[in-house]
Amino acid sequence: MTDFPALLSGRTNWRREFAAPLRAFLRTEAGSSGVLAAAIVVAILWANVLPGMYDDFWRTDLSIGLGHNVLSMDLREWINSGLMTLFFLVVGLEARREFDLGDLRDRSRFVLPVLAGIGGMVAPVLIYLAFNAGGEGSHGWGVAMSTDTALALGLLALVGRGVPDRVRVFLLTVFVVDDLLALVVIAVVYSENIQVMPLVAAIVAFGVVLGLALFHVRKAWMYVVLGVIMWAALLKSGVDPVVAGLAIGLTASAYSPGREELEEASGLFRLFREQPTPELARSATIGLTATISPNERLQYLYHPWTSYLIVPLFGLANAGVTIDAAFLGRAYTAPITLGILVGYVVGKPVAVTTVSWLLDRLSRGRFRPTVGWAAVVGSGTIAGIGFTVSLLIATIAFEGPQLAEAKVGLLSAVIVASGLTWLVFHGAKLLSPPKKALALLGDAEQLLDLTDPVDPERDHIRGPETASVTLVEYGDFECPYCGMAEPIVRDVLQDDDLRFVWRHLPLSDVHPRAQIAAEVSEAAAKQGAFWEMHDLLLANQDNLQPTDLIGYAEQLGLDTAKLHDDVKRHVAAARVAQDVESADTSGVSGTPTFFVNGQRHYGAYDVETLKAAIKTARARAKISARRG
């Protein structure tokens, strides 16, 4: 037994990844939609109660000067061309995240979002031009083009309660393309009197940013300076400067940190813990921060600000429109209003659904939506909400009565599109459970995150081997979060169509007794008592000393001499290392990490959330079984 402490000095292979950046994005967008809606209501009330004050306030000039150089714009322009640059930075960040870590990491899945996104932009534009061909409003066709992804996600959470997360992910994936193309249109079509030299300066600055990103330069101040130069040069050139935010966002890569970086960061923290000096504190801080990708850090910094402050401020500054019966009568017969309204509520859903259907048929199922057809139609109807980018284009293309008509069209489209989306998803809920699951989830093959499938000959399985749903946990016997998750797992295991698999991921850098505990459990498994030892170890996480471990073996009536000999000779070390390697290749960040039928479960692991994930996985399994 004196050999046990020597085992505690080993190192374990493990890897950390960000926890659910996409889910965090969706939660922020959904929550902030209420703030934006409130800002729109306040703007309309303000414009109708005090119309003169509303316009005068937002036309107030604000100047910034340095020597003889003065930049002067009114408050509305500072928001539209200044603060909104940060909004489009976040759009660029999310697009890059989808390419690097999301569904679009499988490049074959890029085809449908691109074509559906383009179709969902072209059809509304054609409808708008059909209403406005040859008229004064024809040059404003860009207003009827872009989906407000943030507002759409928020209202989908309201009118589509109970809709699976996969539907929201599909919506986001398709209309990331929409956002990117809308910015290209702003830069190319709605930029006037282009000056070449400032534009060249902006391109050169972006080239430097791209070079710094490629060489992984992490000096934040360099990017800030170059970003300001890009913005100012684009403003001077006549191109809308918000393009600078999108361009910089696309350069910020998203990735999972490597094992070496994490172990180095842990070492820096231990040095600080042993000798807490300012120099070591700075070194540890830099080391820890460097393990997180630039994309994740920037989203964490800017996304809440853009969602809860900048976009609502944009709505407050631009959504105000004076409304009376006479004006509404004119507006709802005006080509601009009708073109925008019909383009969004008819053109968007028809185009998204038709393009998705044609691509599925023509490719013989190779390029099919990752959700069911009811979800595709519902995504198309909710995409009929175009506010932020569309209103930005409207302020560039129109003024006076035409701008007011455009605002009425956009606000009306929000209401009608929300109503249509409610009807679609409410209708889906009336279907029988199997048909409802197929309508919402579809039968497309899902990307699997778990690289090593469950092997009944090797893995430890609790529950019926023939269960349709498999819950895999990567755990650490010394991890307190694994201890807290244990009663939750026991609760969900009351499901008689669920099997549970435990795989080892001892985080030896932070839990020095986890490796030996894992090897003890494997030694117990050789004597047919893995789950009994598993339960004891998690129930006694603070007592994992060698004498404690031998005591648990005695308590279970095991051959303690054999168990001691197996652990002393590291008989199970290779078995534990196999689990660690599978965790590494599956991009597991820490413990506990759960996979449900091979797909990683992000977010909370409370009983309700896990049961919902299991329910969705079972529905997908039944669809796959019927298809097979």
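A: Start with the naming. A helix here is a DSSP run of H or I with at least four residues, and a strand is a run of E with at least two. Both are numbered from the N terminus. Keep in mind that this is a predicted model.

The close look goes to helix α8. Helix α8 runs over residues 220-237, which makes 18 residues. From its first C-alpha to its last, α8 reaches 26 Å. At 1.5 Å a residue, 26 Å is also what one expects, and the reach is close to that.

Which residues of α8 are buried? They are L226, G227, M230, W231, A233, L234 and S237. The cover over them includes strand β2 (69-74) and the helices α3 (75-100), α7 (196-214) and α9 (243-251). G238 follows α8. The phi of G238 is positive, near 105 degrees.

Next, turn to the sheet. Five strands form an open sheet in the order β3-β5-β4-β6-β7, and the pairing is mixed.

One pair deserves a stop. Strand β4 (residues 469-475) and strand β6 (residues 593-596) pair in the antiparallel sense, over four bridges. Find Y474, then look across: T593 in β6 stands opposite. Helix α24 (residues 573-585) touches β3, β4 and β5 (498-504). The direction of α24 makes about 105 degrees with that of β5.

In one of them, the rings of F500 and W531 have their centres 5.8 Å apart. Their planes meet at 45 degrees, so this pair is tilted. F500 lies in strand β5 and W531 in helix α21 (residues 530-539), so the pair ties together parts that are 31 residues apart in sequence. F500 is buried, at 1% relative accessibility. W531 is buried too, with a relative accessible area of 13%.

W531 also pairs with F530. Their ring centres are 5.0 Å apart and their planes stand at 80 degrees, so this pair is edge-to-face. F530 is buried, with a relative accessible area of 4%. Elsewhere, ring pairs link W46, Y54, F57 and W58 into a cluster.

D565 sits in helix α23 (residues 560-568). Is D565 buried or partly exposed? With a relative accessible area of 33%, D565 is partly exposed. The C-alpha atoms of D565 and M197 are separated by 77 Å, and the two residues are 368 residues apart along the chain.

Now step back to the whole chain. The chain has 25 helices and seven strands. Its radius of gyration is 28 Å, close to the 25 Å that the globule rule gives for 628 residues, so the chain is as compact as a globular protein of that length. Along the principal axes, the C-alpha trace spans about 90 × 65 × 45 Å. Of the 628 residues, 52% count as buried. Among contacts with a separation of 6 or more, 81% join residues 24 or more positions apart.

Technical notes: Residues are numbered from 1 along each chain as its sequence is written. This is a predicted model: local features need pLDDT of at least 70, side-chain atom pairs count only at pLDDT 80 or more; totals for chains, interfaces and linings use all residues. Side-chain values use heavy atoms; hydrogens and water are left out. Two strands pair if DSSP finds at least two bridges between them. Contact means heavy atoms within 4.5 Å. Axes are lines fitted to C-alpha atoms, for helices over the stretch in contact, and angles run from 0 to 180 degrees between N-to-C directions. The expected span of a helix is 1.5 Å times one less than its number of residues. Buried means under 20% relative accessible area, exposed over 50%, partly exposed in between (1.4 Å probe, protein chains only). Rings of Phe, Tyr and Trp (its six-membered ring) pair if their centres lie within 6.5 Å; planes under 30 degrees apart count as stacked, over 60 as edge-to-face and the rest as tilted. The radius of gyration is taken over C-alpha atoms; the globule rule is 2.2 Å times the number of residues to the power 0.38.
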